[in-house]
Amino acid sequence: MSLTLSLHTSPEVPVEADVISPDRLNNLNESALSALPVFHGNVQAKIGDFFKVQGQYNGEIRVEGDLSKVKHIGAGMTSGRLIVNGDVGAHLGAGMQGGKIIVDGNVADWAASEMTGGRIIIKGNAGHMLGSSIRGSATGITGGEIIVHGNARNEAGQAMRNGLIVIGGNSEDLTGVNMLSGTIIVLGKMGIRTGAGMKRGTILSMHDADLLSTFTYACTYHPTYLRLYLTYIKKLGFQIDDAKLSGNYERWAGDSIELNRGEILLYRN
Amino acid sequence: MSENTRTIKNAVCTFCGCVCDDMELTVDLDEHRITKAKNACILGRSWFSEHVIEDRPIAAIGGKEVSFEEAVEESAQILTKAKFPIIYGLSEASVEAQREAVAIADYMRGSIDSTSSVCHGPTGMAFQGVGESTTTLGEVKNRADLVIFWGCNPAEAHPRLFTRYAVTTKGMFIPRGKKDRTVVLVDPRKTASAPVANIHIRPKPATDFEMIWALRALIKGKKVNASIEKVTGVPLETLQDLAERMKNCNFGVVFFGMGLTMGRGRYFNTGALFSMVTDLNEYTHFVVKPARGHGNVTGADQVLTWQTGYPFGVNFNLGYPRFNPGEFTAVDNLARDGADAAMFIASDPASNFPKAAVEQMKRIPVISLDTRRSVTSELAYVVFSTSAWGLNEHGTAYRMDDIPITLRPAFESPYPSDVVILSAIKNRVFELNIDKRSIGMSARSDIGKATLHASM
């Protein structure tokens, strides 16, 4: 039986629970797990104060309940599976290095910020700053995969250096802002100021977008590698029709204020 | 008016971020009010004349008058018992009061935020993200031959910025005043500042980022897509002309206001402007300054940065300061996170915060320190009446260019100052917290590790 944490008492104020991570819960029995410390606002509390703990860790943790005030779940995790049923608070999987997080619900801001490896699958919507850097830091994610089936808000993939972000719905403003490298695929529409300040990297959208005046049209073509990416994300459960697998894409180069080596690809026909 | 008057020279007006220190105040000592404020602008004159001693209790709990000591005890108990308390305001308090507030936030392990978060907070974030090419207003007065006002309206918000520092005043290298300067205004509206400007550029609202981005490209000699006129409403030739003027001036300065910081894009707007100014320093000397609103909001940023390392939106839940606007700023803490106690210092958030935040204020114990009745003090549980900083109390305020200025009070008030109240609360919170925090210190050092990594 895998380890299950069910929320029995909703926190009044945010709980910081970076202990909810395979690395921290491994090799502990139920009573030891319940006694692990979390912060409820400024007061130190125990996991058992909020969660009913059942089972033993066997490589998988299930967390259940309305976790919208529980922050830092899975932060810094290196391996194992973490399955979250319900909406979850900020900083989910922040600094994650490996393993897999699956969320059946919505996530708040800063999900997967500065992750270096592993995979996060979000079946609902993501908040602002998805896969971004932390305030004051120059680099966002440097590896790993972030798969969002719903929408994402502002600054998805801000300053990312490597890795893959897939957004099945729409993204809002400043998608891939200050991007250094890596790939962002938005199957829906993007907001304004996409790729502002990007140095390298690829942003792909299946819809038209209002681009900044510092991006220049290069050509309309079919990038060979794109079929590989799209086939891959189709396997992850996204609807991608054959026209897009073999279709043509407009290539816009930018941002000319920076290196001008980034590209925004917009599906044409 | 009685004949018992006193004149105070070189007094300081603490209404706006100009913090003009050349006031000549005539004080009626019998009536405890200022009858004349020579040199003050229209805003300063009403600031001085409106401050009279109101007949209010020094302290009240739940609408009932209590002693100062009882109110201090109640406040300290509220703040210590809370799990997620916040302190907000600070922009109309002296540096001395602000530092006491930071100490309270530290001891009670709560959040502290200034009015910057709903004003020039994006500027503080751009300082951190991009850096600032800075200056003092004295340099602007003596050297600036190109002055740009972007998304601000000094004629109505900082009237003496024009006459004392930036436009009409004559300086060492600007002997003829305005004749030697080119003044540019960037604002979609024809504001009261427009007549001062030699060039008024009127972009479509909320297209500042696109316009700055195009200017950056032009300054660097890159091609700009002609669609820029459709997006911003400003012809490419106008932008080219402005870019050339900026590159070829001797000393340029941009003042900017909330038209930029609170428009769509927020800290990316300010960051873009700061980056543009950095780019311009390849060609000439160019600086940028936020036109700050309240008298000592600059001081709030200074004190918080000096004490915690961050300018606003700082949280001490784990015992050390963390900075994250959007997570630890007052509106978010109230509206989303359910802050369970709040202390508002010299500000009136109940009159201007979003509805969800104000609703939360009504559910929790609120402590208010203010010189006068306000919407916030009406809903507060503990209310302190304070003397007016700068008018009744000594202290220090920071001008918008980060210059500290010593205050010269005009008359005495029967009410205690912010500093006295906050210092008393601080001492009591400290005592109460020794008991609250005496356990669990070893576990605390362990729990923060992953979080610390995530918040660096």
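Two residues are in contact if their C-beta atoms, placed from the backbone, lie within 7 Å. The legends below describe close-up views of a predicted model.

**View 1. Leu130(A) and the largest nonpolar core.** Leu130(A) touches Ala111(A), Ala112(A), Ile146(A), Val148(A), Ala152(A), Ala156(A) and Ile165(A), leaving aside residues up to four places away in sequence. The largest nonpolar core has 224 residues. Leu130(A) is listed with Ala101(B), Ile104(B), Leu215(B) and Leu273(B) as having the most contacts inside this core. Helix H8(B) supplies the largest share of the core, 9 residues.

**View 2. The contact between chain A and chain B.** On the chain B side, 39 residues are in contact with 34 residues of chain A. Helix H8 (208–219) and helix H18 (441–455) of chain B are the elements that give two or more residues to the side of chain B that touches chain A. H18(B) accounts for the largest share of that side, 8 residues. Sorted by class, the side of chain B that touches chain A has 15 nonpolar, 13 polar and 11 charged residues.

**View 3. Val107(A) in a loop of chain A.** Val107(A) lies between strand S9 (100–104) and strand S10 (119–122) of chain A, in the loop that links them. Is Val107(A) buried or exposed? Val107(A) is buried, because 31 other C-beta atoms lie within 10 Å and the cut-off for a buried residue is 20 or more. Beyond residues up to four places away in sequence, Val107(A) touches Val88(A), Leu92(A), Ile122(A), Ala126(A) and Gly127(A). Ile20(A) is 87 residues from Val107(A) along the chain, and their C-alpha atoms are separated by 16 Å.

**View 4. Leu7(A) in strand S1 of chain A.** Leu7(A) belongs to strand S1 (residues 3–7) of chain A. Leu7(A) has 19 C-beta neighbours inside 10 Å and so counts as partly exposed. A buried residue needs 20 or more. Apart from residues up to four places away in sequence, Leu7(A) touches Phe50(A), Phe51(A), Glu64(A), Gly65(A), Asp66(A) and Leu67(A). Val63(A) is 56 residues from Leu7(A) in sequence, with 7.7 Å between the two C-alpha atoms.

View 5. Strand S2 (residues 15–16) and strand S3 (residues 37–40) of chain A run antiparallel and are joined by 2 bridges. His40(A) in S3(A) stands opposite Val15(A).

**View 6. Strand S7 of chain B and its partners.** From strand S7 (residues 111–114) of chain B, Ser111(B) and Asp113(B) point one way, while Ile112(B) and Ser114(B) point the other way; all are buried. Strand S6 (residues 85–89) of chain B pairs with S7(B) in the parallel sense over 4 bridges. Together with helix H3 (residues 95–108) of chain B, S6(B) and S7(B) make a right-handed β-α-β unit. Strand S13 (residues 314–315) of chain B runs antiparallel to S7(B), and 2 bridges join them. Ile112(B) stands opposite Ile87(B) and also opposite Val314(B) in S13(B).

View 7. Strand S11 (residues 251–256) of chain B is mostly covered, with 6 of its 6 residues buried. Phe251(B), Val253(B) and Phe255(B) point one way from S11(B), and Gly252(B), Val254(B) and Phe256(B) point the other way. In a regular strand, side chains alternate between the two faces of the sheet. Strand S8 (residues 146–150) of chain B pairs with S11(B) in the parallel sense over 5 bridges, and Val254(B) is the bridge partner of Ile148(B). Strand S12 (residues 285–290) of chain B also runs parallel to S11(B), joined to S11(B) by 6 bridges. Lys289(B) in S12(B) stands opposite Phe255(B).

**View 8. Helix H2 of chain B.** Helix H2 (residues 68–81) of chain B has 14 residues, which should span 20 Å at 1.5 Å a residue. The end C-alpha atoms of H2(B) are 20 Å apart, in agreement with that span. Buried residues in H2(B) are Ala71(B), Val72(B), Glu74(B), Ser75(B), Ala76(B), Ile78(B), Leu79(B) and Thr80(B).

Terms used: Residues numbered from 1 in each chain as written. Chains lettered and ligands numbered in written order. Predicted model: local features only at pLDDT ≥ 70, side-chain atom pairs only at ≥ 80, totals over all residues. Buried ≥ 20, exposed ≤ 12 C-beta atoms within 10 Å, placed from the backbone. Expected span 1.5 Å × (residues − 1). Nonpolar A, V, L, I, M, F, W, Y, C, P; charged D, E, K, R; others polar. Pairing = 2+ DSSP bridges. Right-handed = clockwise from strand over helix to strand, strands pointing away. Core = buried A, V, L, I, M, F, W, Y, C linked by C-beta atoms within 7 Å.
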